[in-house]
Structure formats: C-alpha cells, structure tokens
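Please look over the chain shown below before reading on. The report then takes up its charged pairs, its sheet and its surface in turn.

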Amino acid sequence: MRNVITFGTFDVFHVGHLNILKRAKSFGDRLIVGVSSDALNVKKKDRYPIYNETDRLSIIEGIKYVDEVFLEESLELKAEYITRYSADVLVMGDDWQGRFDYLSSLVKVVYLERTPSVSTTSVIEVIQHARIRTPITVC
C-alpha cells in the first residue's frame, strides 16, 4: 500500500484545492493531509485564516479523496510527519517547487502545477471587492 502525504492551509476551500487533493490521491492508495494550524498559518502568511483550524480539518476530512487528516503544527516537522504516517510520496503545489527536495531521501517528492487563475488570496479579493460594490442585506 502506497501512502501519499500533502500539506496545506485549505482556507476558503475552492476547486484548486479539490484538484490538488484528487491528483495527489492518484499517486497512491491512501491520502494523508496535514492541515496547517492557525498559528502556523500566521507564521507562513502573516494572517489568520478565514476559517479556523477545526473547521478546515472538518472540510478536508469530508473530501472523498482524503483518507486521514491531522493538524500540521510546524513546517520544520515535515520529516517527522512523513515518518509517522509512513508516507511514500510527498505531493505539494508547484508554488513550493524545490523547497522540500531535501526530503527526497525519505520520500518521493512531487510538485504539481496549481490550477490556473485560482488561489485563496484571489477568492478573498473577489469577495472583498463584491462586498464593497454590493451591500449585503441581512433579513
């Protein structure tokens, strides 16, 4: 059985997230996903995620391609997570290209092309722009 592991914040879940999870699953039998903690997201991106870590874990857990989910506390623990979950393949988006090559002695490292024109940041910007133009009415 081949275990595949991937990591991400997965905030404001969109089709790009779904595509990378589906493609990651195709590299093995089980897909294990590390979801960045709120604190890790602040460290990586200098902002809190829109959805808290508990909600993001639940969203990812509900995706049919995902077999197991855990909370990623630190980027520096990737090797430990790979070992803990007996991963054979590490899949990351190509925005991380080369950053995890140092793990190639533990696991096959694969970088997948991101879905064009889709990112959490762009989704948030579109929502913010729409809110400025069109007031939201609460009944």
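## A partly exposed arginine and its partner

R114 has a relative accessible area of 35% and so counts as partly exposed, where buried means under 20% relative accessible area, exposed over 50%, and partly exposed in between, found with a 1.4 Å probe and protein chains only. R114 forms a salt bridge with D95, and their closest N and O atoms are 2.8 Å apart; a salt bridge here is a side-chain nitrogen of Lys or Arg within 4 Å of a carboxyl oxygen of Asp or Glu. The pair links distant parts of the chain, since R114 is in the loop between β5 (108-112) and α5 (120-133), while D95 is in the loop between β4 (89-93) and β5, 19 residues apart. D95 is partly exposed as well, at a relative accessible area of 47%.

The model is predicted, so local features need pLDDT of at least 70 and side-chain atom pairs count only at pLDDT 80 or more, whereas totals for chains, interfaces and linings use all residues. Residues are numbered from 1 along each chain as its sequence is written, and side-chain values use heavy atoms, with hydrogens and water left out.

## The chain as a whole

The secondary structure of the protein chain comes to five helices and five strands, and these are DSSP runs numbered from the N terminus, with helices being H or I of at least four residues and strands being E of at least two. Read from the N terminus, the elements follow the order β-α-β-α-α-β-α-β-β-α. Of the 139 residues of the protein chain, 42% count as buried. Among contacts (heavy atoms within 4.5 Å) between residues at least 6 apart in sequence, 64% join residues at least 24 apart.

## Other salt bridges

By the rule given above, the count comes to eight salt bridges. Among them is the one in which the side chains of D11 and R47 meet, at 3.7 Å from N to O. D11 lies in the loop between β1 (3-8) and α1 (15-25) and R47 in the loop between α2 (38-45) and α3 (53-61), so this pair ties together parts that are 36 residues apart in sequence. D11 is buried at 2% relative accessibility, whereas R47 is partly exposed at 27%.

Another salt bridge joins the side chains of R56 and D38, with 2.6 Å from N to O. Because R56 lies in helix α3 and D38 in helix α2, the pair ties together parts that are 18 residues apart in sequence. Are R56 and D38 buried or exposed? Both R56 and D38 are buried.

## The sheet and the helices across it

Five strands form an open sheet with parallel pairing, in the order β3-β2-β1-β4-β5, where two strands pair if DSSP finds at least two bridges between them. β3 (68-72) and β5 stand at the edges with a single partner strand each, so one side of each is left without a neighbour in the sheet. Neighbouring strands of this sheet are turned by 25° against each other on average, direction ignored.

Within the sheet, β1 and β2 (residues 30-36) pair in the parallel sense over six bridges. In β2, L31 is the bridge partner of V4, and R30 is the bridge partner of N3. Strand β2 is mostly covered, as six of its seven residues are buried.

Helix α1 lies across β1, β2, β4 and β5 and runs at about 145° to β2, while α3 lies across β2 and β3 and runs at about 155° to β3. For such angles, axes are lines fitted to C-alpha atoms, for helices over the stretch in contact, and angles run from 0 to 180 degrees between N-to-C directions.

## Surface and backbone details

The protein chain exposes about 8,100 Å², of which carbon and sulfur atoms supply 52%; accessible areas come from the Shrake-Rupley method with a 1.4 Å probe, and for residues only the protein chains shown count as cover. I50, Y51 and I59 make a nonpolar surface patch of about 270 Å². Patches are made of residues with over 30% relative accessible area and no salt bridge, with like charges joined within 9 Å and nonpolar side chains (Val, Leu, Ile, Met, Phe, Trp, Tyr) within 5 Å. I59 is found in helix α3 and is partly exposed at 31%.

V12 has a positive phi of about 50° although V12 is not a glycine; this residue is found in the loop between β1 and α1 and is buried, with a relative accessible area of 14%.
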